[in-house]
Amino acid sequence: MRQQSINASPLYKIVNPKSIAIFGASNRYGSMGTNLLNSLQSLGFEGPIYPVHPEEKTVMDLTAYQFVKDLPAIPDLAIIVLPTRLVPEILDQCGKKGIRHAIAVSGGFTEVGDDGQKLQEEIIRIARQHGIRFLGPNCIGAVNPSHRFNTTFFPYEQAPGFIGMASQSGSFITQMFDYLKRFGLGFSTGFSVGNEADIDLVDCLEYLGACPNTKVIGMYIETIRRGRKFIETARRIVPHKPIVAYYVGGSEAGRKASLSHTGALSGPDRLYDGVFRQSGVIRAYSVEELFDFCWCLGTCPRPPGNRVIVQTNSGGPGAVAADVCSREGLVLNPLSEKTRQALSEYVPSTGSVNNPIDITFVRNNLDFFLNIPRILLDDENTDSLLIYLLMPDQSIRRAMEAFGITGEKAVVEAEKFIDEQTKTVAKLIREADKPCIGFSFYTRVNRFVKNLQDEGVAVLSSPSRAAKALAALVKYMECRDRMIQSSD
């Protein structure tokens with residue numbers, strides 16, 4: 001889908017509207033519609049917003065209109081956050097006004113049983129009558145940070161990211177804002193599809209596959225309603241852009257939860273395993289894996305194979321990484337003799353040049369973070385590198401104090417030292433033609449970890465998570481190659 005066709009997508013005006021009508025916002029603090037309007041304003045949406053309210057003259061300092069027909073222009077998008085019984089009538093009024101795109105946030109449709117099913121069929125009929133395309137119902141809408149657009153109840157407070165998301169759960173969009181922010185990440189575009197009465201996961205997949213801001217697509221799935229179309233669409237996208245899916249519903253408990261959540265009928269795990277294999281989609285088994293895989297697939301070069309070196313200065317984390325690598329089908333080959341010779345200048349006698357490489361200590365920090373990784377990445381027997389990243393802020397400050405640099409000056413000099421090291425390490429990793437994934441038990445509270453993540457380096461929260469993410473990179477390359485070969 002090129003730019004001209006992405007503009008023709010039913011989702012384009014939904015996440016790139018120039019003007020919005022909102023139903024359900026008021027001057028009552030805490031209402032769903034008011035929170036949604038606040039999210040739009042907080043992110044700085046730049047187009048006109050028209051609140052429609054039967055009584056209020058202004059809503060949050062915006063001129064309000066009593067009826068849809070009173071609006072001074074035809075908005076690109078209508079957002080409906082009203083009691084269920086009112087949604088059909090309002091959607092009909094929007095259609096008569098000429099509005100052709102909508103987000104139906106309101107719940108109480110298929111997910112609640114027969115009466116809700118009838119109401120959902122009614123809004124589908126009305127939408128088709130007027131040519132309206134809509135997300136929902138029973139959803140939280142969408143977010144497009146590059147367009148300063150957020151129709152969810154949670155504030156989006158980080159920079160636009162590269163992860164495109166389509167989710168049958170609203171919380172996997174909204175509550176992931178903060179989760180991704182912890183790693184310096186964000187969404188390019190995120191869709192909550194709710195009951196999929198009109199627009200569904202496949203439509204989102206097509207849009208995100210063409211979205212120039214999206215490097216990798218993440219999906220939270222409870223059911224796939226158009227299985228054949230899903231496979232066909234994914235197979236077209238995978239050779240150019242990776243897709244990661246987190247499927248729930250394969251167990252009996254998951255099936256029941258999905259049914260009550262969005263009215264979705266889930267299938268057995270084996271069926272979805274087959275769907276993902278056919279379509280080249282990488283399967284995640286937790287929300288942590290979903291975003292770890294997306295993170296690394298969106299930032300790392302593609303590995304030419306499954307051979308990995310683990311570099312550490314602590315035996316335990318190295319052993320964990322090696323164990324998980326082996327379980328995930330990655331191979332830890334011995335180092336070549338050429339590499340061993342090159343390492344002899346930097347690895348002390350107490351260290352090990354077996355794989356994992358356990359350095360134990362170095363005289364110069366840059367040896368561990370620059371010279372040694374450079375040698376390992378050049379090894380002819382390796383396709384990728386996992387590296388333990390440990391640089392405690394406190395230790396650097398104490399070292400400064402040992403040389404007579406104390407107080408605020410020690411803090412400043414320590415930060416300067418860490419910043420300089422970060423830029424050097426990040427440059428090496430970014431310019432490498434093989435993936436180099438970091439792991440650390442430190443979080444972004446640690447300056448070194450935060451700096452590296454902000455420089456675009458994937459630093460995951462444990463050796464096992466890093467190893468699994470690397471395995472996902474290898475699986476994607478295998479899927480990608482298979483898709484390309486089958487299309488020749």
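Me: Where does proline 72 sit?
Reply: In this predicted model, proline 72 falls in the loop between β4 (62-63) and β5 (77-80).

Me: Why is proline 72 called exposed?
Reply: The relative accessible area of proline 72 is 57%, and the label exposed needs a value over 50%. So proline 72 counts as exposed.

Me: How do you know whether histidine 101 is buried or exposed?
Reply: Set its 15% against the cut-off: buried means under 20% relative accessible area, so histidine 101, at 15%, is buried. You'll find histidine 101 in strand β6 (residues 101-104). Beyond residues up to four places away in sequence, histidine 101 touches Pro10, Lys13, Ile14, Asp76, Leu77, Ala78, Ile132 and Arg133.

Me: And what makes threonine 189 count as buried?
Reply: Its relative accessibility is 1%, and buried means anything under 20%. Therefore threonine 189 goes down as buried. Threonine 189 belongs to strand β11 (residues 187-192). Its contacts, neighbours within four places in sequence aside, include Val15, Val143, Ile163, Gly164, Met165 and Tyr207.

Me: What makes strand β10 mostly covered?
Reply: Five of the five residues in β10 (residues 163-167) are buried. Ile163, Met165 and Ser167 are on one side, Gly164 and Ala166 on the other, and both faces are covered.

Me: How do you know that β10 pairs with β11?
Reply: Pairing takes at least two bridges, and five bridges join β10 to β11, running parallel. Within that pair, methionine 165 is opposite glycine 190.

Me: How many bridges join β10 to β12?
Reply: Five, again with the strands parallel; β12 covers residues 216-221. There, isoleucine 163 faces valine 216.

Me: Which elements do the buried residues of helix α9 pack against?
Reply: They pack against α8 (201-210), β12, β13 (243-247) and α11 (269-279). The buried residues of α9 (residues 227-237) are Phe230, Ile231, Thr233, Ala234 and Ile237. An α-helix has 3.6 residues a turn, so residues three or four places apart point the same way.

Me: What makes β16 and β19 the edges of their sheet?
Reply: Start with the order. Five strands form an open sheet, β16-β15-β17-β18-β19, with parallel pairing. β16 (357-358) and β19 (459-460) each have a single partner strand, so one side of each has no neighbour in the sheet.

Me: How do you know that β15 and β16 pair?
Reply: Two bridges link β15 (residues 308-312) and β16 in the parallel sense, and at least two is what pairing asks for. Glutamine 311 in this pair stands opposite isoleucine 357. Helix α13 (residues 315-327) packs on the sheet, where it touches β15, β16, β17 (384-388) and β18 (436-439). The direction of α13 makes about 165 degrees with that of β15.

Me: Which residues have the most contacts inside the largest nonpolar core?
Reply: Phe187 and Leu386, in a core of 108 residues. Helix α19 (residues 463-487) gives the most to this core, with 12 residues. A second, separate core has 32 residues, Leu343, Leu377, Val425 and Val449 among them.

Me: What does leucine 386 touch, not counting residues up to four places away in sequence?
Reply: The list includes Val308, Ile309, Val310, Gln311, Ala321, Cys325, Phe439 and Leu470.

Me: Why does the radius of gyration of the chain agree with a compact globule?
Reply: For 488 residues, the rule puts a compact globule near 23 Å; the chain comes out at 26 Å, which agrees. The C-alpha atoms fill a box of roughly 80 × 60 × 40 Å along the principal axes.

Me: How many helices and strands does the chain have?
Reply: There are 19 helices and 19 strands. Of the 488 residues, 57% count as buried. Among contacts with a separation of 6 or more, 73% involve residues 24 or more positions apart. The accessible surface is about 21000 Å², with 49% of that belonging to carbon and sulfur atoms.

How values were computed. Residues are numbered from 1 along each chain as its sequence is written. This is a predicted model: local features need pLDDT of at least 70, side-chain atom pairs count only at pLDDT 80 or more; totals for chains, interfaces and linings use all residues. Side-chain values use heavy atoms; hydrogens and water are left out. Helices (H or I, at least four residues) and strands (E, at least two) are DSSP runs, numbered from the N terminus. Buried means under 20% relative accessible area, exposed over 50%, partly exposed in between (1.4 Å probe, protein chains only). Contact means heavy atoms within 4.5 Å. A nonpolar core is a set of buried Ala, Val, Leu, Ile, Met, Phe, Trp, Tyr and Cys residues joined through side-chain atoms within 4.5 Å. The radius of gyration is taken over C-alpha atoms; the globule rule is 2.2 Å times the number of residues to the power 0.38. Accessible areas come from the Shrake-Rupley method with a 1.4 Å probe; for residues, only the protein chains shown count as cover. Axes are lines fitted to C-alpha atoms, for helices over the stretch in contact, and angles run from 0 to 180 degrees between N-to-C directions.
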